[in-house]
Each structure stands twice: as structure tokens, then as C-alpha cells.
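I opened my notebook to look up a few spots in this chain. Here is what I had on screen.

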Amino acid sequence: MRLRTRLTLAMIFIFAISLFLVEILRYQGVQWEVRELKLKEARALHSMVMATRQVYHHQFIDSGIPLTDQTLGFLPAHALLRISQDFSTRNTGGISFNNVSEHPRNPENLADEIESQAIAYFRENPAEKERLHVYPNESGQSIYHYATPIRAEAYCLTCHGQNATAPASIRARYDAGYDYKVGEIVGIFSIKMPGVEVTTM
């Protein structure tokens with residue numbers, strides 16, 4: 001094989017490798033941008049929901065309204081499931097959210113496998129404040145799962161502390177969700193967002 005032919009083939013090979021590496025870097029760059037966008041969206045939704053939950057929870061407590069079967073639904077922890085379901089009917093982007101636990105009082109708030117993994121992650125990494133995990137759903141679409149831990153605060157123990165000291169309406173309605181201590185993980189706030197197809201062309 002002549003030297004010129006060898007040089008030509010070498011140049012073609014180098015060009016092909018360079019083009020391949022450029023495409024890989026571009027693809028990774030787009031993936032990083034998508035991840036950052038999803039993280040930004042999740043953080044904004046999380047901040048809005050948690051601020052609303054916190055304000056209304058304290059408003060309920062400070063109002064002196066007795067906790068009964070009729071007023072229980074006004075507590076944000078109870079209302080959030082209905083709010084998230086209503087949100088899903090209004091939002092066409094496929095985003096869903098809820099507070100979930102491995103030991104919920106409402107079976108609809110039971111953590112699924114991905115959410116249980118997030119709860120385990122926060123137990124093993126107590127300093128972590130958030131987690132973004134990507135996984136495929138049944139149809140193979142990428143789902144971005146954003147989670148933050150929900151830890152028991154002092155005021156939470158009125159209903160989630162000892163069974164014997166919980167309000168009568170809570171004791172009569174629920175057998176689960178007791179014996180938590182301040183700082184212990186009660187569950188997570190879970191947001192699921194559909195991914196987007198990453199292309200570089």
C-alpha cells in the first residue's frame with residue numbers, strides 16, 4: 001500500500017473518530033441541559049407546594065379549629081393528594097406530584113419502588129436535601145423523579161407521635177403513622193416528570 005493511500009486512510013479514520021467524539025460530547029451536553037431544566041422545574045414546583053403546605057398547616061393549627069372528621073380534610077397533608085390529582089387534570093405536561101410514605105395512612109400515598117429507593121437514599125444520606133433520578137417507565141420513556149425528604153417536625157407529632165395522645169378523630173380513623181420522632185423521615189415529596197427525546201441534529 002502506498003504511503004499516500006495510508007495517509008489518506010489515516011486521515012479519514014482520524015476524522016471519523018473526531019466526529020464521533022464530537023457527537024458524544026454534544027449528546028452529553030444536551031443531556032446535561034435537559035437534566036438542569038428538569039431540576040429547575042422540579043425545584044420551583046416543590047417550593048410552591050411546600051410553602052403552601054407549611055402556611056396552611058400553621059394557619060389551621062393557629063386558628064384553633066378543632067380536628068374532627070369534618071375538618072381533617074383541610075390539613076395540607078390530607079388535601080395534597082386531591083390537589084395533585086386536580087393538578088394532573090389541568091396540566092398537560094404529564095407532571096405528577098404527591099407526598100408518599102412506606103407506612104401511609106392513606107393507601108393512595110404508598111411509595112412505589114422508585115419512591116422507596118429515594119426514601120432509603122435519604123435515610124442512608126441524612127445530609128442530602130434532594131435527589132434527581134432518571135428511570136424508564138413501562139413504555140421505555142425516561143422519567144425524571146425528583147424527591148425531597150419530609151421529616152417530622154415538633155408540631156407533626158400531635159398526630160404522628162404517640163397513638164394515645166393523638167386527637168380522637170385521628171385515633172378513630174388511623175392505625176398507622178404513629179411513633180415518629182422529630183427529625184425522622186416520614187416520607188418524601190415526590191415529583192415525576194416525563195423526559196424529552198435527546199437529539200443532536
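My entries below go from confidence to single residues.

**Entry 1: confidence**

I reminded myself that this is a predicted model, so I checked the confidence before anything else. The chain has a mean pLDDT of 86, and 90% of its residues reach 70 or more. Where is confidence lowest, and where is it highest? I found the lowest in helix H1, residues 3-63, with a mean of 80. The highest is in helix H3, residues 113-124, at 96. I also marked residues 197-201, where pLDDT stays under 50. For that stretch the model has nine contacts beyond four places in sequence.

**Entry 2: His145**

Next I clicked on His145, which sits in strand E3, residues 142-151. Is His145 buried or exposed? Its relative accessibility is 1%, so it counts as buried, because the cut-off for buried is under 20%. Then I looked for its neighbours, skipping residues up to four places away in sequence. His145 touches Ile114, Glu115, Ala118, Arg131, Leu132, His133, Tyr135, Ile188, Ser190, Ile191 and Lys192. One of these, Ser190, got its own note: the side chains of His145 and Ser190 are joined by a polar contact of 2.8 Å.

**Entry 3: two residues of helix H1**

I went back to helix H1 and picked Phe13, which is found there. Phe13 has 55% relative accessibility, so I wrote it down as exposed; the cut-off for that is over 50%.

Leaving out residues up to four places away in sequence, His57 touches Leu75, Pro76 and Tyr155.

**Entry 4: Asp179**

My last stop was a loop. Asp179 is found between helix H5 (168-173) and strand E4 (185-194). What is the phi of Asp179? It is positive, about 70°, although Asp179 is not a glycine. I checked the accessibility as well: at 46%, Asp179 counts as partly exposed, because that class lies between the buried cut-off of 20% and the exposed cut-off of 50%.

Conventions: Residues numbered from 1 in each chain as written. Heavy atoms only, no water. pLDDT = per-residue confidence, 0-100. Helix = DSSP H or I, 4+ residues; strand = E, 2+ residues; numbered from the N terminus. Contact = heavy atoms within 4.5 Å. Buried < 20%, exposed > 50% of the residue type's maximum accessible area, 1.4 Å probe, protein only. Polar contact = N/O pair within 3.5 Å; in protein donor to acceptor, adjacent residues only side chain to side chain.
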